[in-house]
Amino acid sequence: MRRYLDKLKDMLTYDADREFYAKVFPGSVSRKDLMKIRYMEVDDLDDVLSIEGKNYNYPWTENIFRDCLRASNYLCWVCEELETGLIGYCIVSMAAGEAHIMNLCVDPAVQRQGAGRKMLEHMIEYVRKKTERIFLEVRPSNTKAIQLYNSLGFEEIGVRKDYYPAKEGREDAVMLALDVVSQI
Ligand SMILES: CC(C)(COP(=O)(O)OP(=O)(O)OC[C@H]1O[C@@H](n2cnc3c(N)ncnc32)[C@H](O)[C@@H]1OP(=O)(O)O)[C@@H](O)C(=O)NCCC(=O)NCCS
């Protein structure tokens, strides 16, 4: 029910209104509400690669991002703020009726401000009509990401042995899934 009320609120509140209220009544609109999600473009790649490099020991290369942008079954979004610019991105692959989160990343300077949650909520709403389940892999050591996914209903469904490169050889991946059909 809450989801539908929030959706209705979003439909009735235009971005310009939010920015107006934020200026006139500072504090009346949350930072997360002022963030915007749009599709990633090739021109975003400098910012995207900079954020990627700040977050991962084994970052994706520019070619990987370019391949994602070219692939028709990949959804690539960015999150931005009016004053800060691009602050994060999310990449999802769609195949055989399943969505797979390939990358979710927020600039360390802006983490814990709601951008990660905002991108995931946007993605879940978008893929809801096209898929039954959303999957992802995450390092077991990445407790903040796991907390975020759990808070949105993702549950552990297994472990992929030696999935990630790590300083001491390889690290397992925890597999999480969200059953979007059961959420309707
Ligand atoms: C994981 C990540 C995307 C979260 O993005 P974010 O914008 O910082 O997250 P949000 O502000 O939306 O926080 C949402 C929830 O995540 C969890 N979380 C985020 N940062 C946390 C922290 N430092 N400690 C504990 N929990 C944290 C909390 O559950 C939080 O909800 P709450 O603020 O209501 O408690 C971000 O930390 C990141 O980019 N990490 C590096 C890349 C990465 O690991 N990506 C995930 C790969 S699977």
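Modeller: Helices (H or I, at least four residues) and strands (E, at least two) are DSSP runs, numbered from the N terminus. Read along the sequence, the pattern is α-α-α-β-α-α-β-β-β-α-β-α-β-β, which comes to seven helices and seven strands. This is a predicted model, in which local features need pLDDT of at least 70 and side-chain atom pairs count only at pLDDT 80 or more, while totals for chains, interfaces and linings use all residues. Residues are numbered from 1 along each chain as its sequence is written.

Colleague: What makes the sheet open, and which strands stand at its edges?

Modeller: Two strands pair if DSSP finds at least two bridges between them. The seven strands take the order β1-β2-β3-β4-β5-β7-β6, with mixed pairing. β1 (36–39) and β6 (155–166) each have a single partner strand, so one side of each lacks a neighbour in the sheet. The twist averages 25° from one strand to the next; axes are lines fitted to C-alpha atoms, for helices over the stretch in contact, and angles run from 0 to 180 degrees between N-to-C directions.

Colleague: How do you know that β4 and β5 are paired?

Modeller: Four bridges join these parallel strands, and the definition asks for at least two. β4 and β5 therefore count as a pair.

Colleague: What does α6 touch on the sheet?

Modeller: Two residues are in contact if their C-beta atoms, placed from the backbone, lie within 7 Å. α6 packs on the sheet, touching β1, β2 (74–81), β3 (85–95), β4 and β5, and its direction makes about 35° with that of β3.

Colleague: Why is the group of 34 residues called a nonpolar core?

Modeller: The name applies because such a core is a set of buried Ala, Val, Leu, Ile, Met, Phe, Trp, Tyr and Cys residues joined through C-beta atoms within 7 Å. Buried means 20 or more other C-beta atoms within 10 Å of the residue's own, exposed 12 or fewer, and partly exposed in between, with C-beta atoms placed from the backbone. Those with the most contacts inside this largest core are Cys79, Tyr89, Cys90, Val92, Met119 and Met123. α6 gives the most to this core, with six residues.

Colleague: Which residues surround the ligand?

Modeller: A residue counts if its C-beta atom, placed from the backbone, lies within 6 Å of the molecule. There are 19, the closest being Gln111, Gly116, Arg117, Lys144 and Leu148. α7 gives the most to this shell, with five residues.
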